[in-house]
Amino acid sequence: MKTHWQILVVDDEEVMCESLAAWLREDGYLVDTAASGREAVEKARERDYAIYFVDLKMPGGMDGIETMMQIRRLHPEASIIIITAYATVDTAITAMKEGAQEYIVKPCNPEEISLLVNRIIKVKNLQRENTILRKKLTRQYSVHDVISKNPRMHEILQLAREISGLRSTVLIQGESGTGKEMVARAIHNSGDRASKPFVAVSCAALAETLLESELFGHEKGAFTGASQQKRGKFEMADGGTIFLDEIGDISPKLQVDLLRVLQERCFYRVGGSEEVRVDVRVIAATHVNLQQAVAEGKFRDDLFYRLNVIEIRIPPLRERREDVPLLASHFMERLSHELGKDIGDISENALKLLMDCNWPGNVRELENAVERAMVTCRGPELTADDFAFLAQSGAQKSWAVPAGMTLSDMEKLVITATLERTGGNIKESAAVLGIDRSTLYEKIKRYEIPR
């Protein structure tokens, strides 16, 4: 994390100034120097340094105390250390009174300097982490914090507000990486269950027997290794919300068990005979088309109807490309702290490259791409060269019009693909295509497109 913080050493004695700067650079910090108070203030106008080492006695009409006061007007949170060869009680009191964090005497001990800086940086890291955590706690999962300029996403957020106080089951459908869990958390944290648990379970991550125990718990001795009673996720979520991710992957037996929970609000632990009752709101999510799975006999229709009380379909990132710059900036801001790299901008060419990508992995893939680019970036700005790996991975658009395809053929293909993605939802398909529902009905009839 050291390279993320920069230090300014201010001393009119060149030997002292360069020696202190060299010690700090050996510790891994980025260090600038200034030979006078005026030069230091000018550099402070251009950049917010984490720590300032300021000599008390400097010629030119601006001593260390005046320099410190000018810097603090520019950067109130700056950590300023006064250094002097003439230590007196009066000067120490004056320096501390005007806002100096520390007061040290020449000749400076390199080990003492290292310990002092390390202590200050640790405090600054904690302060920054606390700020980020406060933002996460207050905003991250509120409906207002889902980052999007897309009209369809705004409709989803409005719906999330309207249903947040209900107990009705919600089914969120969308491709992997579109942010289904974030929307689920937004619904939970916007309603009266916000103070209760939000428990997320990935139904695709566990085998049937393990998932059954994970959801409903088990009694002692229910199977080999069950040395004690264990509460399941439904019990843990009592009073709150359980988020069942990838619900389309559960087995037929678990589909029956889950149907009972939704109908009766009760279940039995594995190996148990005592009925357990819970007050849990269920939000399920899937990247597969459950209507099609029902038609193919892979998913129970009665369970589908129980889950699909309120349906939310999240559009893929390629259908809301206007969100790419917003999301990229958001990820850069967060990752710059986590990675300890001061990268605050992204070039126009890099943004164009990101906008031109199809993003089959959606928002999650974009986040991973930004992180990879920041890890390998050597400058203060992300450029197209930092995202060269996207072309190699095939993430960019590569679709070409097939030979002999007419405009009508292309229109039919686009309408068919859109209807498949939305599960035959005419209103949503019309919004994605940018046409009226009546126009869409007419084209479906003309091209004989099955729904």
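Which residue of β12 is the bridge partner of Leu 171? In this predicted model, the partner is Glu 311.

Strand β6 (residues 170–173) and β12 run parallel and are joined by four bridges. Both belong to an open sheet of five strands with parallel pairing, in the order β7-β8-β11-β6-β12. At its edges stand β7 and β12; each has a single partner strand, so one side of each is left without a neighbour in the sheet. From one strand to the next, the twist averages 20 degrees. Helix α8 lies across β7 and β8, and its direction makes an angle of about 175 degrees with β7.

Here are some of the strands with their residues:

| Strand | Residues |
|---|---|
| β6 | 170–173 |
| β7 | 198–202 |
| β8 | 241–245 |
| β12 | 310–313 |

**A pair of helices**

Now look at helix α18 (residues 426–433) and helix α19 (residues 437–447), whose axes come within 9 Å and cross at roughly 100 degrees. That angle makes α18 roughly perpendicular to α19. On the α18 side, the contact is made by Ile 426, Lys 427, Ser 429, Ala 430 and Leu 433, while α19 brings Arg 437, Leu 440, Tyr 441 and Ile 444. Sorted by class, this contact has six nonpolar, one polar and two charged residues.

**How confident is the prediction?**

The protein has a mean pLDDT of 84, and 91% of its residues reach 70 or more. Over residues 138–142, however, pLDDT stays under 50. The model has nine contacts beyond four places in sequence for that stretch. Where pLDDT is low, predicted coordinates should not be read in detail.

Terms used:
Residues are numbered from 1 along each chain as its sequence is written. This is a predicted model: local features need pLDDT of at least 70, side-chain atom pairs count only at pLDDT 80 or more; totals for chains, interfaces and linings use all residues. Side-chain values use heavy atoms; hydrogens and water are left out. Axes are lines fitted to C-alpha atoms, for helices over the stretch in contact, and angles run from 0 to 180 degrees between N-to-C directions. Helices (H or I, at least four residues) and strands (E, at least two) are DSSP runs, numbered from the N terminus. Angles under 35 degrees count as roughly parallel, over 145 as roughly antiparallel, 65 to 115 as roughly perpendicular and the rest as oblique. Contact means heavy atoms within 4.5 Å. Ala, Val, Leu, Ile, Met, Phe, Trp, Tyr, Cys and Pro count as nonpolar, Asp, Glu, Lys and Arg as charged, and the others, Gly among them, as polar. pLDDT is the predictor's confidence in each residue, from 0 to 100. Two strands pair if DSSP finds at least two bridges between them.
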